[in-house]
Amino acid sequence: MEQTDDKKRWIVLGTVTVVLAATFGYMIYHQHEELDKKRAEADQLSVAIAQERKLIKGTPELVKTVIVQRETDTVIKEILSDTTDIENFVRTLDKFAEESGFNLESAKQNQNNRRGSTKEEFERVGYRLNFEADAFQFLAFLHRLESFARFISVTSLKLRTAGRMSLTEEDVPQHSITLDLETYVYVPRSVAKEARIDRYDHKRDLLIGQISKKTSALRVSDYTYRGRRGRRDPWIDPRVPAEEDGPGLTIQEQLAIVERLAEQALDVRDAWEVAREADNVIEAMRSRTVLEEKLALIEEEVRRIQLENQLSYINAARRFNKEVVEAVALVREEMEGDGGGLGPGIAQLRETAEAMDRHIEAFEYELALQAFKTIEGKLAIAENDQRKVELVKNLRFLRSVARNVIDFENVKLEIEGVAIQAEMRPVVLINGRSYSEGELVGPDLIIHRIAMDLVEFAFRGMILGRILDPDPQENPQK
Amino acid sequence: MILINLLPEAYREKSKTPVKYMAGVAASVSICGSLLAFWAWTAFGVAAEVRSQLTVLSDTKAGLEPQVNYHRELEAESKIFQAREQLLDRITSSRVGWTRKLDELIELVNRQGEENYLVWFKDLEAQVQDNARSKVYGRLKAEGHTAESLSHVANFLEDVSQSKLRDVFGPPHAPEGSASETDEGLVPAKIWTFPLHLDLKSPEERKELRKGTS
């Protein structure tokens, strides 16, 4: 019996012990599991915290980046607009054409306007333009397009040259041009929510250097088209008509002359603007003197080029007429309109006289008369001014010299020979008749002196001579 | 067999817990006690420490959260700006600056004068394509004329291949040409016709060269 109780006790004890130990063991196990979880959680948190700390360490730099991006986004929006704004775009194209010196003939929206792809955030807006222009007008237009704030890409262009036969002195050489261009509309998939940045203005001011650097880097066009610069249009046949008296100036030389004169004409225009806007009388007189000097010089050269027909290259001649002759004439016209009531200024009279002097010295009598004609109509008014009387007299004198020489040259005098013998009056055979010194050859024409190589005539108060040349083909005048 | 103890209570042998049993109980108690103590130490010592550590970390994280959110907001904003910039870069890199290239062509034609070649063109066709698969990116084509000699064509095309046009275009196609007309009324009278054909380089090559020159 006792043995049985003992056994029971042991069994109970064993069972209780096992149960309790198992319970506690389970509790410990569970606790450890929980601990492991919490430790893992803590580790994760530690890692996350470390990452977040690292992340927010970069916040000041990110703030700077965002400020720069916000400030430069205006430029990007200009380049890559997020509004189609087609009406203004077309207006801009029209304005550019006008500024480049031609008119658009047609501007049609391309049918294949599309979104880049379903994933892309832009839409293409394409136009096909047709117009007629010369190569430099075309380049000026292209330059305006490519340097426009809004991004424009020329995807194709076709140029058909103006035929040589279609060119005349008056026409501007117009090539037929077709231009396909594209601009882009930004279609954002998500909208940026602006994060609040403390003391934004102050921070932006500190970053102004970076902002302007990035802004200029974003601007697309970096090429400056500098215009024609005396170059010929390669889409115009540059050959010149064959001349009987040998080749004249080369195309390059002709273009160089026109380029130089066109610049001078612009200079004259500027001088005229300065003279017109002068604040006081002294300044007006001073600037007017400068203007007259420049104007007389360019007019002199224009007359020489026209008389000698130096410009055989049609493109050069056309530009000469448009940018030099017409421009100078316009300034002269405006000057006369502006100061017409007062007659020509002293500077103008003096410059004209000097120009006439130079022409006469160069035996360019016709040019001297042309120079005189530019102010002839206003001399009567100038004569009323005591300060100008002498200058007007001088001009009239120079005019009469040039006129007399031209008239003298037009007198038909066939000098067939001279006879000079000692102790006898020299004799000259003119138009089949012999004359000696002091005899009248024709109206106003008296033989003044007869020499072996020269016969001098008194003509309207001037002594003019005809050189005797052994070669009868030539007849130079003195 | 049933045993009956008939001795009075006072004489009976006192019943004691056997030593073995006591030892067993003691062992059981110590095992269970140890386990319980270990559990208690874990539950109220280590676990509490870990819990408090976790609380500290959670608090720290919560403290960082506004700053992180702010950072993320800035990042999101920046990414949108960046996307637009990248898009702009991609679009602009495929563009050809025709003003520059045509100006350079005109300069080239004018620069050499009539001694090396007198060149002019009848037309011009230029196109930008983006066909990376067939490696065709566009071209510039023109029918040109030159005077006097066919060797002028070679001179001109040689100058084209050495000019700045090569930043954007590959080398010109081989020189060829034919005598086209003779007009005695013009100087020079005899002219040759030749094709000018230049293929555009890929946008990547053009971009690289732009970087190199800028």
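Some housekeeping. Residues are numbered from 1 along each chain as its sequence is written, and chains are lettered from A in the order in which they are written. Because the model is predicted, local features need pLDDT of at least 70 and side-chain atom pairs count only at pLDDT 80 or more, while totals for chains, interfaces and linings use all residues.

On confidence: the model has an ipTM of 0.73 and a pTM of 0.60. Chain B has an average pLDDT of 85, and 95% of the residues score at least 70. pLDDT is the predictor's confidence in each residue, from 0 to 100.

Now the two chains. On chain A, 81 residues are in contact with 70 residues of chain B; contact means that the C-beta atoms, placed from the backbone, lie within 7 Å. On the side of chain A that touches chain B, at least two residues each come from several elements, including α1 (2–57), β4 (175–186) and α7 (251–276) of chain A. Helices here are DSSP runs of H or I with at least four residues, strands are runs of E with at least two, and both are numbered from the N terminus. The most comes from α1(A), with 27 residues. By type, this side of chain A has 46 nonpolar, 17 polar and 18 charged residues. Nonpolar means Ala, Val, Leu, Ile, Met, Phe, Trp, Tyr, Cys and Pro; charged means Asp, Glu, Lys and Arg; the others, Gly among them, are polar.

Strands also pair across the chains, and pairing requires that DSSP finds at least two bridges between them. β5(A) and β5 of chain B (residues 186–187) run antiparallel and are joined by 2 bridges. A:Val240 has B:Val187 as its bridge partner.

Next, the sheet. In what order do the strands of the open sheet of 4 strands in chain A come? The order is β9-β10-β11-β12, with antiparallel pairing. At the edges are β9 (440–442) and β12 (462–467) of chain A, each pairing on one side only. Neighbouring strands are turned by 40° against each other on average, direction ignored.

β9(A) pairs with β10(A), residues 445–450, over 2 bridges, and A:Gly442 has A:Leu445 as its bridge partner. Between β11(A) and β12(A) there are 6 bridges, and A:Leu454 stands opposite A:Ile467. These strands, β11(A) and β12(A), form a hairpin with 2 residues between them, and A:Arg460 in the turn has a positive phi of about 50°.

Definitions and conventions:
Two residues are in contact if their C-beta atoms, placed from the backbone, lie within 7 Å. Axes are lines fitted to C-alpha atoms, for helices over the stretch in contact, and angles run from 0 to 180 degrees between N-to-C directions.
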